[in-house]
Amino acid sequence: MKGMSNIVKTVTRWVAPFIVAFGIYIALTGHLTPGGGFPGGVIIAGCFVLITLAYGKDKVEQVLGLKTAAITDSLAALSFLGMGLLGCVLGKAFLGNFIQSGFPGEAFELLSGGNMPILNLAISFKVGGSLFVVFAFLALFRVIEED
Amino acid sequence: MVLIQVFLVFTIVAAVIAVEAPSALSSVISLGAVGFGLSIAFLWLAAPDIAITQVVVEIVTLVILIRATIGKGVTEIQGNESKPMLIGSLILFGLGAAFFANYLSVFPDFGKSAMDIFSNAPSEAYLQFGLEKSGGTNIVNDILLDFRAYDTLGEASVLFAAILGAITLLQKRVFYEEHKEGVE
């Protein structure tokens with residue numbers, strides 16, 4: 001897979017940072033405005049899919065390797081579980097919102113909602129990493145022709 | 001209210017075309033039309049969270065489907081239905097229609113919430129105590145990550161297991177491909 005024409009490459013180079021920033025914004029302000037971890041993660045994965053299609057396999061390996069994506073995916077899933085266990089230890093129940101009951105934030109502020117922003121970020125990294133891994137496995141490697 | 005029905009009819013027509021289309025590419029494109037029609041319907045029903053998710057997932061799925069499946073040995077399933085199968089599916093369809101008609105009698109009108117019918121619906125408590133107990137102003141995210149966080153954990157683990165299985169199945173192909181290239 002070699003990538004596409006120069007026009008596509010240039011547009012991708014200009015647009016890709018904004019797509020990632022928008023994905024992180026959607027995930028980070030999920031507790032305030034419509035959005036959340038899942039769409040934010042899919043937008044981040046979509047940016048890497050765009051880079052893969054425009055530049056090809058070798059370039060995306062420098063930006064985000066398959067191993068890094070898989071490790072991000074697993075670490076995000078583990079951190080979601082860890083937040084749940086922390087709720088067990090510090091709060092009342094598994095996945096309990098212990099930060100909100102301890103330090104309640106002001107409504108409509110970025111630092112509010114207790115551990116919801118942390119869980120949103122964990123979900124977004126998890127979804128982004130795993131979707132990119134699936135795309136890479138499906139699209140980067142040639143599927144054997146049926147013989 | 002008429003406009004949303006137009007979009008729903010458009011979605012149904014696109015879904016039928018996606019099943020009946022002769023080539024895989026036109027199938028995939030009409031599948032995209034289904035997704036976008038659904039997302040506009042969600043937006044019309046004042047559910048922007050689901051509309052955003054629907055649009056974004058639709059785009060990524062479309063790209064993956066086009067990039068990964070088109071022109072790569074899609075197998076066509078052939079064969080004709082036998083008579084017992086047809087009778088069985090007709091019986092199942094009738095049973096489903098009967099249950100659905102029974103369900104429609106207690107279902108709220110299109111676009112109305114369950115709170116209008118049941119006085120002690122749980123969504124009432126969510127709306128009342130959502131901001132106070134979880135601190136987030138987006139009630140959908142409050143429910144997903146605070147009241148029903150256990151469901152979200154289950155969803156994340158389902159995604160994890162599905163991707164683990166997909167990678168395990170596809171990894172063999174990659175190894176085989178590398179091995180074959182090495183031999184040549």
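Colleague: What share of the 184 residues in chain B is buried?

Modeller: Buried residues make up 14% of them. Bear in mind that this is a predicted model.

Colleague: And chain A, what share of its 147 residues is buried?

Modeller: There the buried residues come to 43%.

Colleague: How many helices and strands does chain B have?

Modeller: Chain B has seven helices and zero strands. From the N terminus on, its elements read α-α-α-α-α-α-α.

Colleague: What about chain A, how many helices and strands?

Modeller: Chain A has six helices and zero strands. Along the sequence its pattern is α-α-α-α-α-α.

Colleague: What box do the C-alpha atoms of chain A fill?

Modeller: Roughly 60 × 35 × 25 Å, taken along the principal axes.

Colleague: Now contacts with a separation of 6 or more. What part of them in chain A comes from residues 24 or more positions apart?

Modeller: In chain A, such residues account for 66% of those contacts. In chain B, residues 24 or more positions apart account for 31% of the contacts with a separation of 6 or more.

Colleague: Let's stay with chain A. At what angle do the axes of helix 1 and helix 2 of chain A cross?

Modeller: Roughly 165°. Helix 1 covers residues 6–28 and helix 2 covers residues 37–55, and their axes come within 8 Å. That angle makes helix 1 of chain A roughly antiparallel to helix 2 of chain A. The crossing of these two helices is left-handed.

Colleague: Which residues make that contact?

Modeller: From helix 1 of chain A, they include A:V8, A:T12, A:A16, A:I19 and A:G23. From helix 2 of chain A, they include A:G40, A:I43, A:C47, A:L50 and A:A54.

Colleague: How do the residues of that contact divide into nonpolar, polar and charged?

Modeller: The contact of helix 1 with helix 2 of chain A has 16 nonpolar, six polar and one charged.

Colleague: Take A:V8. Where is its place?

Modeller: A:V8 sits in helix 1 of chain A. It counts as partly exposed, because it has 14 C-beta neighbours inside 10 Å. Being buried would take 20 or more.

Colleague: How are A:V8 and A:L50 separated?

Modeller: Along the chain they are 42 residues apart. Their C-alpha atoms are separated by 9.7 Å.

Colleague: On to the interface. How many residues of chain A are in contact with chain B?

Modeller: 46 residues of chain A are in contact with 38 residues of chain B. On the chain A side, helix 2, helix 4 (66–90) and helix 6 (116–140) each supply at least two residues. The largest share, 13 residues, comes from helix 6 of chain A.

Colleague: How does that side of chain A divide into nonpolar, polar and charged?

Modeller: The side of chain A that touches chain B has 27 nonpolar, 15 polar and four charged residues.

Colleague: Back to chain B. What span should helix 2 of chain B have?

Modeller: Helix 2 of chain B has 21 residues, 24–44, so at 1.5 Å a residue it should span 30 Å. Its end C-alpha atoms are 31 Å apart, which agrees.

Colleague: Which residues in helix 2 of chain B are buried?

Modeller: B:G37, B:L38, B:S39 and B:A41. Helix 2 of chain B is followed by B:A46, whose phi is positive, near 60°.

Colleague: And helix 4 of chain B, what number of its 24 residues is buried?

Modeller: Zero, so helix 4 of chain B lies largely in the open. From its first C-alpha to its last it reaches 36 Å, close to the 34 Å expected.

Colleague: Where does B:S119 lie?

Modeller: B:S119 is in the loop between helix 4 (83–106) and helix 5 (122–134) of chain B.

Colleague: Why does B:S119 count as exposed?

Modeller: Because B:S119 has 7 C-beta neighbours inside 10 Å, and 12 or fewer is the cut-off for exposed. C-alpha to C-alpha, B:S119 is 42 Å from B:A18, and they are 101 residues apart in sequence.

Colleague: Last pair. How do helix 5 and helix 6 of chain B cross?

Modeller: Their axes cross at roughly 70° and come within 10 Å. The two helices are therefore roughly perpendicular to each other. Their crossing is left-handed.

Colleague: Which residues meet there?

Modeller: B:Y126, B:L127, B:G130 and B:S134 in helix 5 of chain B meet residues of helix 6 of chain B, including B:I139, B:I143 and B:F147.

Methods. Residues are numbered from 1 along each chain as its sequence is written. Chains are lettered from A and ligands numbered from 1 in the order in which they are written. This is a predicted model: local features need pLDDT of at least 70, side-chain atom pairs count only at pLDDT 80 or more; totals for chains, interfaces and linings use all residues. Helices (H or I, at least four residues) and strands (E, at least two) are DSSP runs, numbered from the N terminus. The expected span of a helix is 1.5 Å times one less than its number of residues. Axes are lines fitted to C-alpha atoms, for helices over the stretch in contact, and angles run from 0 to 180 degrees between N-to-C directions. Angles under 35 degrees count as roughly parallel, over 145 as roughly antiparallel, 65 to 115 as roughly perpendicular and the rest as oblique. A crossing is left-handed if the near helix is turned anticlockwise from the far one by less than a right angle, and right-handed if clockwise. Two residues are in contact if their C-beta atoms, placed from the backbone, lie within 7 Å. Ala, Val, Leu, Ile, Met, Phe, Trp, Tyr, Cys and Pro count as nonpolar, Asp, Glu, Lys and Arg as charged, and the others, Gly among them, as polar.
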